[in-house]
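Dear colleague,

Please find the structure below, followed by an account of what was found in it.

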Amino acid sequence: MSNAEAQASSDHTAPGKADSAPAHNPEADRLRALLEPSVLANRLYLEDVTINVAGSHRVLHVVVDLPQEETGGVSLDVIADISKVLSDVLDTDPGADTRPYDLEVSSPGVGRPLTEPRHWHRAKGRIASVKVIQGENITGRIQSVDDGGVTLVPEIAVKKGMKPKQGDPVKLPFDRIRTGKVEIEFSHLSEDGLEPEHNGPSEEA
């Protein structure tokens, strides 16, 4: 079973030593370095590590994704498995203290912003809306991605009920892309076993 924003969480008593919770703080960076080898060993990509603190309670949120050459979403089973692996790593962390924490592991989801080249690679074949710097905005299917940018096949609006027409491919260098976001397509979600804009059930890891 797959879900675009699958999530697993677990309670622990041996986290890192963060007293504050901004993203990419030194403790989050230290934990990223600690966890990344295990994530890579399980053929996943470590997207982000953040720490949120509320009093004595802390939440370590780890976002993992598939490698850029793969399509589809991260399954709930994979999320549960990597949660157990990362939990074991954290429990043997030599830099940890004894304060309690929750570990939450999730995947980015279909609707995440396309902010890095690897995001565009992962979205190949999908329709994306792109805001362009010094040019007309484009909505089209991502045909290919290379080191220089993205090639999209524009979707040309037609009358309601008619199949959209496709224009000629357009190559957009990354430095001309202001923002990009995948448009939800129910046919693609069905193929991937995903549901739109849904976090999915939590599993105890």
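Helix α1 is followed by R43, whose phi is positive, near 60 degrees. Helices (H or I, at least four residues) and strands (E, at least two) are DSSP runs, numbered from the N terminus. This is a predicted model, in which local features need pLDDT of at least 70 and side-chain atom pairs count only at pLDDT 80 or more, while totals for chains, interfaces and linings use all residues. Residues are numbered from 1 along each chain as its sequence is written, and side-chain values use heavy atoms, with hydrogens and water left out.

Helix α1 covers residues 26–41. Among its buried residues are L31 and L35; buried means under 20% relative accessible area, exposed over 50%, and partly exposed in between (1.4 Å probe, protein chains only).

The search of the whole structure gives nine salt bridges, each being a side-chain nitrogen of Lys or Arg within 4 Å of a carboxyl oxygen of Asp or Glu. One of them joins R112 to D65, at 2.9 Å from N to O. This pair links distant parts of the chain, with R112 in the loop between β4 (101–106) and α3 (117–122) and D65 in strand β3, 47 residues apart. D65 also forms a salt bridge with R118, the closest N and O atoms being 3.4 Å apart. D65 has a relative accessible area of 2%, so it is buried; R118, at 7%, counts as buried too. A salt bridge also joins R122 and D65 (2.9 Å, N to O). Salt bridges that share partners join E47, D65, R112, R118 and R122 into one network.

Yours sincerely

Methods:
The expected span of a helix is 1.5 Å times one less than its number of residues.
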